[in-house]
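Please open the model in your viewer and keep the selection tool at hand. The stops below move from a pair of helices to charged side chains and end at a ring.

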Amino acid sequence: MAGIAKSVARHGHPAKAPAVLLSGGETTVSIGDATPGRGGRNMEFALSLAIALDGHPGVHAIAVDTDGIDGTEEAAGALIGPGLLAKAAERGLDAQDCLLRHDSHAVFDATGDLVVTGPTLTNVNDFRAVLIS
């Protein structure tokens, strides 16, 4: 998704900006043997996307679970924008380290970028939208 967003922003391919990239379906996260931090697959996707975009201007995204609960957390997911990594660093968090420890919730909680809807009592799908302006 980051590569496509950068291509849209830089080259107008496969679409010209402004554009929205939409995707749905449940992603997977492989934890391994480490004890994970907090955060669900949507927060992990969002943090990974933010790191891959590295503050690319004009790209914002949302990744959420329609049931209002990302994994076991109180949040449905998270928002990202060009300033996310800098905001995390200002709060003493290394986004890459948090991602490696599967602790994406820490970043979005500290930056105020959690999406909290409460349980919706419907589970249609996970949903991601990347806006390129």
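**Helix pair**

Select α1 and α2 to begin: α1 passes α2 in a right-handed crossing, a crossing being right-handed if the near helix is turned clockwise from the far one by less than a right angle, and left-handed if anticlockwise. Helix α1 covers residues 2-11, and the two helices pack with their axes 9 Å apart at an angle of about 45°, which makes α1 oblique to α2. Angles under 35 degrees count as roughly parallel, over 145 as roughly antiparallel, 65 to 115 as roughly perpendicular and the rest as oblique; the axes are lines fitted to C-alpha atoms over the stretch in contact, and angles run from 0 to 180 degrees between N-to-C directions. Helices (H or I, at least four residues) and strands (E, at least two) are DSSP runs, numbered from the N terminus.

This is a predicted model, in which local features need pLDDT of at least 70 and side-chain atom pairs count only at pLDDT 80 or more, while totals for chains, interfaces and linings use all residues. Residues are numbered from 1 along each chain as its sequence is written, and side-chain values use heavy atoms, with hydrogens and water left out.

**Salt bridges**

The structure holds 9 salt bridges, each a side-chain nitrogen of Lys or Arg within 4 Å of a carboxyl oxygen of Asp or Glu. Because Arg-41 lies in helix α2 (residues 41-53) and Glu-26 in the loop between β1 (19-24) and α2, the pair ties together parts that are 15 residues apart in sequence.

Next, select Glu-73 and Arg-38, whose side chains meet in a salt bridge at 2.6 Å, N to O. Glu-73 sits in the loop between β2 (59-65) and β3 (77-80), and Arg-38 in the loop between β1 and α2, 35 residues apart. Is Glu-73 buried or exposed? At 9% relative accessibility, Glu-73 counts as buried, whereas Arg-38, at 40%, counts as partly exposed; buried means under 20% relative accessible area, exposed over 50%, and partly exposed in between (1.4 Å probe, protein chains only).

**A charge over a ring**

Finally, select Arg-128 and Phe-45: the charged end of Arg-128 sits over the ring of Phe-45, 5.5 Å from its centre, where the rule asks for NZ of Lys or CZ of Arg within 6 Å of the ring centre and within 35 degrees of the ring normal.
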